Amino acid sequence: MKRIAPLLILTLPAFAEAAPEGPNPSFLPVTEQIHKKVTEKGGPKTADAMEAYTEEIPLAENAGLEMVPVPGGSFTIGSPESEEGRKEDEGPQKKLEIAPFWMGKYEVTWDLYRAFMENGKSRNKDGTLNRDSDLMTSEAPKMEDGETLPDIVSQPTPPYIPMHFEMGEGYGVDWPAIAMTQHAASKFCEWLSAQTGHYYRLPTEAEWEYACRAGTTTPWSFGDDASKLGDYAWTMDNAEFQYHKVGEKKPNPWGLYDMHGNVAEWCLDGYLSDSYAKWKDGDKNPWQVATERYPRVARGGHFFDGGPETMRSGARIASDASWKAIDPQNPKSIWYHTSNLWIGFRVVRPLETPDVKTMHLMWNTGPGPTE
Amino acid sequence: MNIDAFNRRKFLGGTAATTAAIGFPSILRAAEDTKQIKVGLIGCGGRGTGAATQALSADPNVVLWSMGDAFKGAIEGSLKNLKNFESRSDVPASRLFAGLDAFQKVIDSGVDVVLLASPPGFRPQHLRAAIEAGVHVFAEKPMAIDIAGVKSVVESAKLAKQKNIAIQHGFCWRFAPGVRALYDKINSGDLGRVVSVYGTYMGTPPKPLQPGMTKPEGMADVEWQVRWWNNFEWLSGGPLLEQAIHTVDKVAWAMGDVAPIAAVANGGRAMRTDPGNVYDHYNIAFEYPDGVFCHVGERQFPGCHTEVIDRIFCEKGTAIAPNRPQTKGPDNKTNWMYRPTAGEEQNMYQVCHNEFFAALRKGEIINTGEYMANSTMLALLAREAAHTGKRITWDDMWKATQDQAPDSLKMDDSFPIAPVPVPGKHKLI
């Protein structure tokens, strides 16, 4: 497999041409089919026409995915050196331009994610349908009799144990989905896109922080008073070591819930301690393409561990191989972080649909299933 | 050893005399820390390869010496996945063995320790061969899938004791620090007497055959079934043995590993329509001395409530495991919870191997064979109570002789799928 060059920085609109061949090329024809579907379905052409909407997900018993429009604009990523609890990797601050997108009002919940996770099919380790009795070999993602596009989109192998770890009400409605890898979260987005005809993906780190700050520059989107955190976030102080239903706390100024606390959220980017040093003021939609499995970026803090400073808009989390520590298999699953009970995600839908290669790269981040 | 000896009726009868041949396991004669410990892997799937990773991580002077699997492709995949340990591997092609007799070749290749990770139907035979050869063993759970298999394991454990050979088990939760801390509270009597237990293993089918899926053209029955071993009782024992045995084992643990009196159970094949023959759900009541009843609920259904939880009801509160181990007081409020310091979490699979190899280094012989056999028999008691529809006692089980092994086993044998047991008709033999 051709590896993408490390430390590649891409910016819009130039990255439309610059996108390199992504990993997992055998899935490119699938991306092409979904891209065609998205292009044909279309959507609003301008930011002014963007409205909040609820996407019904047919394969999740029509559970709704509420999406909120986030206007384009500019913001300063990172935190000032004076901010209490700030870490070195939150700087240097850069002023960035962000194109409009919709973002999930809530973290993705089990009622949506479970339908993706439990497809009832016999799957190979890489998620392709197992048609040859051998779990280790990848079969070409081609539709056969009676199968649909979402059927063949790479979905996880079934987990050995329920992944909610007895928090909440099992895979109950409105409880956040957790413990998936960034790869799995991206593939969920692909599966969502294949059935809805709208293009969904993980937010870039810049998009995530832009949406979290929602026009603010304070440590948290509600200001700088840590004593108010409990009104907005499930943290180690109030969560009793478990996640909580999404949307129970106050939203941020743009109507997004649980951006601070509850579960941490995957971003699309690979993690570099000096990511921002590689960007320039005025860069548009920068994105640190992930080329290695670890580390990647998560944001927002979580219920499991850490003080108020870990919930700040600028705080960054780097993923780690230990998140799979109790996976009994070797190779460890590419789908589950069985030792991380606090990682989840939310989706975005950009106003502008990218070209097919970029779409493919954004769903197939870093080393493919053959890592 | 002849592969036809897979039949355990013959196996048990034919080996009574072999105990005379007592060899000295090699490690015990030179326990210095730097002496190489040569490890053989038998069963090169994901779990086996994981176990090899843990063995190699447990001690700097462990080397991977030999590998065997029914299928060549599994060995190749395993080698690829162990590439981080290349410097600790000494596995020339001459010590890689494919086929149903590969286990014996691995055992005979000069190893000190074997890791047994083939489908559990093979376990008693592989365990016996290792013990006879004087090789220390790590054995994955369960230890057998039928009664003849368990009895064979008991014999092997005794033989191992005579020969000073170690047997470590893969009931992994017994090595999880938090779960250990919780069960210590139960077994030490901190929470008072255990009044009852309700344990569940309710998940989804891990590797389902698809409905209507048939054997590929040109593939023999045995090969097809071994490839899809989870779906066939003679290889996996069914989901209660293969997966939910963790929960059954924790019932035994909560009860101080005393013998039960009997079990009454239900089970069936409600959801599955594939051509395999395993049940997909069980509900069991284990009867223990002093009027204590322990319940286990098992199922592999998609789309239903899922949970894997042990609730141990005690006089002074309730203990909950295995995720986020905690105790609740009579007011149902959590009054203790296990929380490792960040960065100090320990992986239970690794703890198992760390303790095993550390003991070998010290010349201590861990022999958990009898315990492993009992926990496996407890799951079989439950399974057979469900399959027969009868109340079955612990004594009934030890008197029975059930043996699901085919009389001979070759990859290209034809081997029809046994019928699904029907309660009221199915007999415990």
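Modeller: Helices (H or I, at least four residues) and strands (E, at least two) are DSSP runs, numbered from the N terminus. With that convention, I shall look closely at residues 180-318 of chain B, where the UniProt record, an unreviewed entry, places the feature "domain: GFO/IDH/MocA-like oxidoreductase". UniProt positions follow the numbering used here, feature names are shortened, and annotations may be inferred rather than shown by experiment. Everything that follows describes a predicted model, in which local features need pLDDT of at least 70, side-chain atom pairs count only at pLDDT 80 or more, and totals for chains, interfaces and linings use all residues. Residues are numbered from 1 along each chain as written, chains are lettered from A and ligands numbered from 1 in the order written, and side-chain values use heavy atoms, without hydrogens and water.

Over residues 180-318 of chain B, the chain is 24% helix and 32% strand. The end C-alpha atoms of this span are 15 Å apart.

Helix H7 (residues 177-187) of chain B packs against helix H11 (residues 245-254) of chain B at an angle of about 40°, and their axes are 9 Å apart. Such axes are lines fitted to C-alpha atoms, for helices over the stretch in contact, and the angles run from 0 to 180 degrees between N-to-C directions. H7(B) and H11(B) are therefore oblique to each other, given that angles under 35 degrees count as roughly parallel, over 145 as roughly antiparallel, 65 to 115 as roughly perpendicular and the rest as oblique. H7(B) brings B:Val179, B:Arg180, B:Tyr183, B:Ile186 and B:Asn187 to the contact, while H11(B) brings B:Lys250, B:Trp253 and B:Ala254; contact here means heavy atoms within 4.5 Å. Five of the residues in this contact are nonpolar, one is polar and two are charged. Ala, Val, Leu, Ile, Met, Phe, Trp, Tyr, Cys and Pro count as nonpolar, Asp, Glu, Lys and Arg as charged, and the others, Gly among them, as polar.

Chain B is divided into domain 1 (3-173 + 349-370) and domain 2 (177-340 + 377-395), with bounds from an automatic or database domain assignment. The C-alpha centres of the two domains of chain B lie 26 Å apart. Their contact draws on 21 residues from domain 1 of chain B and 25 residues from domain 2 of chain B. UniProt also lists "domain: Gfo/Idh/MocA-like oxidoreductase N-terminal" (unreviewed entry) at residues 37-161 of chain B. That span of chain B is 43% helix and 20% strand, and its end C-alpha atoms lie 20 Å apart.

As for confidence, pLDDT is the predictor's confidence in each residue, from 0 to 100. Chain B has a mean pLDDT of 91, with 92% of its residues at 70 or more. Residues 10-22 of chain B, however, stay under 50 in pLDDT, and the model has 21 contacts for them beyond four places in sequence. Where pLDDT is low, the predicted coordinates should not be read in detail. For the complex, the predictor gives an ipTM of 0.89 and a pTM of 0.92.

Chain A averages a pLDDT of 91, and 93% of its residues score at least 70. The UniProt annotation "domain: Sulfatase-modifying factor enzyme-like" (unreviewed entry) covers residues 66-324 of chain A, a span that is 15% helix and 14% strand.
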